[in-house]
Amino acid sequence: MNSKANLFLILAVIGAAVLIDHVQSNPAVDLFGGYEIISVCMTNCAQCKRMYGTFFNGQLCAEACLEFKGKIVPDCEDIGSIAGFLNRAELKKFA
């Protein structure tokens with residue numbers, strides 16, 4: 001009886017290892033070779049430019065999207081994510 005339990009346990013472990021080995025995943029971020037996330041990044045740059053006008057450097061934002069392949073996506077409502085793209089010269093006029 002003990003040997004049957006050990007055999008069952010060994011077969012269960014081997015079966016689980018075989019099933020786990022064949023599991024595949026598709027990352028949601030890197031669809032179409034990364035082009036989709038770059039598009040999201042560029043769209044967010046355009047949205048921030050519309051929101052902030054001359055205070056936001058949209059071209060620099062778009063260049064960053066291409067350079068970093070969309071890894072840094074600006075969020076117009078998060079000052080930390082757009083701080084590098086704010087036009088400081090324009091901001092100083094109102095300070």
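Colleague: Quick one to start: does Asn 57 count as buried, exposed or partly exposed?
Modeller: Asn 57 counts as partly exposed, because its relative accessibility is 34%. Keep in mind that this is a predicted model.

Colleague: Okay, and where is Asn 57 in the fold?
Modeller: Asn 57 sits in the loop between helix 2 and helix 3.

Colleague: What does the side chain of Asn 57 reach?
Modeller: The Asn 57 side chain reaches the backbone nitrogen of Leu 60, at 3.2 Å.

Colleague: And how far is Asn 57 from Phe 85 in space?
Modeller: Their C-alpha atoms are 5.2 Å apart, although Asn 57 and Phe 85 are 28 residues apart in sequence.

Colleague: Let's zoom out. How many helices and strands does the protein chain have?
Modeller: The chain has five helices and zero strands. Read from the N terminus, the order is α-α-α-α-α.

Colleague: How much of the chain counts as buried?
Modeller: Of its 95 residues, 19% count as buried.

Colleague: And what share of the contacts comes from residues 24 or more positions apart?
Modeller: Taking contacts with a separation of 6 or more, 67% of them are between residues 24 or more positions apart.

Colleague: Which residues make up the largest nonpolar core?
Modeller: There are 11 of them: Cys 41, Cys 45, Cys 48, Phe 56, Cys 61, Ala 64, Cys 65, Cys 76, Ile 82, Phe 85 and Leu 86. Helix 2, residues 35–52, and helix 3, residues 58–67, each supply at least two residues of this core.

Colleague: Take Cys 41 from that list. Is it buried or exposed?
Modeller: Buried, because the relative accessibility of Cys 41 is 0%. Cys 41 belongs to helix 2.

Colleague: What does Cys 41 touch, skipping residues up to four places away in sequence?
Modeller: Cys 41 touches Cys 65, Gly 70, Ile 72, Val 73 and Pro 74. As for Leu 66, it is 25 residues from Cys 41 along the chain, with 8.8 Å between the two C-alpha atoms.

Colleague: How far apart are Cys 61 and Cys 48 in space?
Modeller: The C-alpha distance is 9.4 Å, and Cys 61 and Cys 48 are 13 residues apart in sequence.

Colleague: Who makes the contact of helix 2 with helix 3?
Modeller: From helix 2, Ile 38, Cys 41, Met 42, Cys 45 and Lys 49; from helix 3, Gly 58, Cys 61, Ala 62, Cys 65 and Leu 66. By class, that contact has eight nonpolar residues, one polar and one charged.

Colleague: Switching topic: where is Ser 81, and is it buried or exposed?
Modeller: Ser 81 is in helix 4, which covers residues 79–82. Ser 81 counts as buried, because 17% relative accessibility falls under the 20% cut-off.

Colleague: What does the side chain of Ser 81 reach?
Modeller: The backbone oxygen of Asp 78, at 3.0 Å. Not counting residues up to four places away in sequence, Ser 81 touches Val 73, Pro 74 and Asp 75.

Colleague: Last one: what is phi of Lys 69?
Modeller: Phi of Lys 69 is near 55°, a positive value in a residue other than glycine. Most residues other than glycine have a negative phi.

Colleague: And where is Lys 69 in the fold?
Modeller: Lys 69 is in the loop between helix 3 and helix 4. Lys 69 counts as exposed, because its relative accessible area is 56%.

Methods:
Residues numbered from 1 in each chain as written. Predicted model: local features only at pLDDT ≥ 70, side-chain atom pairs only at ≥ 80, totals over all residues. Heavy atoms only, no water. Core = buried A, V, L, I, M, F, W, Y, C linked by side-chain atoms within 4.5 Å. Buried < 20%, exposed > 50% of the residue type's maximum accessible area, 1.4 Å probe, protein only. Helix = DSSP H or I, 4+ residues; strand = E, 2+ residues; numbered from the N terminus. Polar contact = N/O pair within 3.5 Å; in protein donor to acceptor, adjacent residues only side chain to side chain. Contact = heavy atoms within 4.5 Å. Nonpolar A, V, L, I, M, F, W, Y, C, P; charged D, E, K, R; others polar.
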